[in-house]
Amino acid sequence: MARSPLLFLPIAGTALLGAACPLFPTALQLVLTPNPELNAVGDLLGQVERVQVIVEAPAAGGWQDLSGEDGDGERADWDGDGENEVSFVSPAIAGSALPVLEIGVGRYAGQALELRVYGLPKEAAADPDQAVALGGASATCASGQVQRVAVPFNLKAAARPPRVAEVFPFAGATNIPYNLYAVTVVFSTALDHQTVPGAILLSDSQASPVAFHAELRDIDLAIGDAAAEPRTVAELILDQVLDFSYADLRVEPGPVSRAGLGFDQVPEEPGAQPFLSRFGIAAELQGGCPEGYRFDPQNAACVAEMGCASSCTAGYVCDAEAQRCVEDCRLYRVCADPQLSCSDESGLCG
Ligand SMILES: [Ca+2]
Ligand SMILES: [Ca+2]
């Protein structure tokens, strides 16, 4: 039997490995590690059929030093940077655990290898653009060692239940103007618009409904050269002034994403949870609209400025340039656009 550098071992086989002689004297074992705050192993298994690993050569010149150990790997310029990488694709995942991926390192012992891991959906070609899950690691394996590496591996936003990514005014804002023009809700992905309106509720301090009409639109959030990330925005245009002390915004489970997934604000809790925010309202305005708002003379109302410094919900970070909350790339460790790298400090791709 030909030796393949890429093996797929069930998690349950871990104990056996310690006793057995590894197939490759120098190898990396990638342990795919979902973040439970985003998705459970079962969520990934429901959508990921195969795993594609793309290994970046540590130095220019490609993979000629690998001496044939690329085995089943396919050399190609997978990220379009003019240099070849090697891609390995797993067989279809069977069982109830994510596979451990073993890669023979050969002469690259002692050198840092950059690995990108893609979760391919059913019937998809081995193409990173089709991936529904993403992860990556940088790993160095000493000669003669078998090195285990935990690899963050999570479903991409469009493949997870939709939730609220950001809201304007900021969730929990305490001094919003009584003549606010609108409350804006930005969802984590694009939704089926028909499923949205009835799910959004706004109520006053007496729990009575606040009158508004919703306008829905989709925006594309482009990060680098990667495929744009579509999101649905619901603008709740207020039909009354806010003459009470606070207002409660509630987004109930109900909206469904384009991928057919139902809303859930808290993935780590079983069942679907709503999004909740209470806004405190200023009865009087001293000197016009407060900071963070601008006056709109046409509607004689204060409009919340879209800015993200303090508005991002869990799992998002503020991209000051785009003035948007974007997904924290540290959840994947890599960026959807392979030309960009994820900053450990900011969680932004750059
Ligand atoms: Ca390349
Ligand atoms: Ca939940």
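Reply: Buried residues account for 39% of the 350 residues in the protein chain, a chain whose model is predicted. Its secondary structure consists of two helices and 21 strands. Of the contacts between residues at least 6 apart in sequence, 69% join residues at least 24 apart.

One is an open sheet of four strands, which follow the order β10-β12-β15-β14 with antiparallel pairing. At its edges stand β10 (164–168) and β14 (212–221); each has a single partner strand, so one side of each is left without a neighbour in the sheet. On average, neighbouring strands of this sheet are turned by 20° against each other, direction ignored. Within the sheet, strand β12 (residues 182–187) and strand β15 (residues 229–238) run antiparallel and are joined by five bridges. Across this pair, Val183 stands opposite Leu236 in β15.

Another open sheet is also formed by four strands, in the order β11-β17-β16-β13, but here the pairing is mixed. The edge positions belong to β11 (176–177) and β13 (200–203), each of which has a single partner strand; therefore one side of each is left without a neighbour in the sheet. Pro177 has Ala282 as its bridge partner in β17.

To summarise, the pairing is antiparallel in the sheet β10-β12-β15-β14, whereas the pairing is mixed in the sheet β11-β17-β16-β13.

How values were computed: Residues are numbered from 1 along each chain as its sequence is written. Chains are lettered from A and ligands numbered from 1 in the order in which they are written. This is a predicted model: local features need pLDDT of at least 70, side-chain atom pairs count only at pLDDT 80 or more; totals for chains, interfaces and linings use all residues. Two strands pair if DSSP finds at least two bridges between them. Axes are lines fitted to C-alpha atoms, for helices over the stretch in contact, and angles run from 0 to 180 degrees between N-to-C directions. A residue is buried if 20 or more other C-beta atoms lie within 10 Å of its own, exposed if 12 or fewer, and partly exposed in between; C-beta atoms are placed from the backbone. Two residues are in contact if their C-beta atoms, placed from the backbone, lie within 7 Å.
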